[in-house]
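Work through the exercises below with the structure in view. Try each task before reading its solution.

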Amino acid sequence: MTGSKTIRVLIAKPGLDGHDRGAKVIARALRDSGMEVIYTGLRQTPEQIVEAAIQEDVQVIGLSILSGAHNFLFPRVIELLKEKNAEDILVIGGGVIPEEDIPGLKKAGIKEIFTPGTPTSAIVEFIKNNVKV
Amino acid sequence: MDIVPGILKGDKRSIARLITLIENQADEARDLLKQLYKFTGNAITLGITGPPGAGKSSIVNFLAKKFRENNKKVGVIAIDPTSPFSGGALLGDRIRMQDLTLDDGIYIRSMGSRGALGGLSRASYDAVKVLDAAGMDYIIIETVGVGQSEVDIIKLADIVALVLIPGMGDEVQAIKAGVMEIADIFVVNKSDMDGADRLITEIQMNLDLNQDKNKVKPPILKTVGTTGEGIADLYKTIIDVQKQLQDSGMLTNKRKTRINQELQELIREIHLKQIISSFETQIRIFTEKALNKEIDPYSAAVYILENAKL
């Protein structure tokens, strides 16, 4: 009786950054494309994000950041996922991230970075193409 | 780690995996549940229900902490509605439970209702068993924000707390036939707001009209979900109600009824699936016939079922 598989995504805002309009727009777009989106609210530590992702058994973590601390916080999430043997979870990022930081973040294990102006449909498509269900 | 031993050890990854299998109705989920069943029945299940925005998540947050202070392990299942159009869901109950995430003795799972209409999700029933087998002492189930008739939580919870808020005045009258009847405990949240005492009076009046005079009157408590005021009393009340249920044998009765219902539902589900798959052609033929008014659906159903007996 194999049923359908729903993609589950955790949308998280790491660090000291109170702006979550963007994260909410993404969450809504993913919901409208049929995914289950867990939004955990503002000011999450990487530890909280990774633990929530494991408890919720998500296939994707979407990190949104506007504070400029992405070069520390994003790789830290990847590191913790590895420690917990959960590196199979796809991690993507978004927010105000300078072009020149993107290669480094990708090298650290963030699969894709979406900067302002990205149509939400591109994010939906990226997830659907990259998640094994 | 293998899933069953993992769950028995309380490993969160294993718990999470099995709940996903249950949600996706994977074949192996039922086999794993069979192995776990004998380890269930130790946890007390607590249902938190109430209208949207009543403060259910905030109360769950404070209650979970209270249970932890008393060294109890807590599982939380928080259900939010799934969109009937996209099949997607925005699950936001964790926002109010942020500081519980890193506690080793707490596991929280958000679930979409995925088409179920009674305030729960289909998978929540089996998810509770997983958390029970994993050694949780208390399992808190937070329903979808309910209206009048979403009362499925009584099929799952040993104790039901209904959270209401002031400013609903007449609404209490309106909902008296549905969710008002299933509460073991009434919680008046946001009780720092105007109208809290009037709400309590309304609930009391409603309870006084209850025909069954022998039934224990559910306690009514005031809380403030933003500060945690009143939570200590709520906790104490829950423990009292639990003790009453256990001492009076009511708990066993409730659970017996529940297992009976579950068994009937499983029989219905499995049987129906068998019939539908073995009479696929006939169902299709009769559908055509009924469309052309050559037979009525009532006779067609009886005909198919009579054949199914063979």
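**Exercise 1. Find the domains of chain B and the distance between their centres.**

Solution. This is a predicted model. Start with the division of chain B: domain 1 covers 42-248 and domain 2 covers 261-308. Then take the C-alpha centres of domain 1 and domain 2 of chain B, which lie 39 Å apart.

**Exercise 2. Describe the interface between domain 1 and domain 2 of chain B.**

Solution. Step one is contact: 4 residues of domain 1 of chain B touch 4 residues of domain 2 of chain B. Step two is area. The two domains of chain B bury about 240 Å² between them. Carbon and sulfur atoms give 23% of that area. Step three asks which residues supply it on the side of domain 1 of chain B. Arg122(B), Lys129(B) and Lys155(B) supply 94% of the area that domain 1 buries against domain 2, more than any other three residues.

Step four is charge. The rule finds 2 salt bridges across this interface of chain B. Lys129(B) and Glu262(B) meet through their side chains in a salt bridge, with 2.4 Å from N to O. A salt bridge needs a distance within 4 Å, so the Lys129(B) and Glu262(B) pair, at 2.4 Å, counts. Step five is class: on the side of domain 1 of chain B that touches domain 2, there are 4 charged residues, no polar and no nonpolar.

**Exercise 3. Classify the aromatic pair of Phe67(B) and Tyr138(B), and say which parts it ties together.**

Solution. The search of the whole structure gives 4 aromatic pairs over all chains. In the pair of Phe67(B) and Tyr138(B), the centres are 4.2 Å apart and the planes make an angle of 20°. Planes under 30 degrees apart count as stacked, so this pair is stacked. Now place the residues. Phe67(B) sits in helix 4 (residues 56-69) of chain B and Tyr138(B) in strand 5 (residues 138-142) of chain B, so the pair ties together parts 71 residues apart in sequence.

**Exercise 4. Describe the interface between chain B and chain A.**

Solution. Begin with contact: 33 residues of chain B meet 33 residues of chain A. The buried area is about 2,800 Å², and carbon and sulfur atoms give 47% of it. Next, list the polar links. The rule finds 7 salt bridges between chain B and chain A, and 20 residue pairs in polar contact, both at pLDDT 80 or more. Helix 2 (12-23), helix 3 (27-36), strand 3 (89-91) and strand 4 (106-112) of chain B each supply at least two residues of the side that touches chain A. Finish with class: that side of chain B has 10 nonpolar, 12 polar and 11 charged residues.

Methods
Residues numbered from 1 in each chain as written. Chains lettered and ligands numbered in written order. Predicted model: local features only at pLDDT ≥ 70, side-chain atom pairs only at ≥ 80, totals over all residues. Heavy atoms only, no water. Domains from an automatic or database assignment. Contact = heavy atoms within 4.5 Å. Buried area = accessible area lost by both parts, 1.4 Å probe. Nonpolar A, V, L, I, M, F, W, Y, C, P; charged D, E, K, R; others polar. Phe/Tyr/Trp six-rings, centres within 6.5 Å; stacked < 30°, edge-to-face > 60°. Helix = DSSP H or I, 4+ residues; strand = E, 2+ residues; numbered from the N terminus. Polar contact = N/O pair within 3.5 Å; in protein donor to acceptor, adjacent residues only side chain to side chain.
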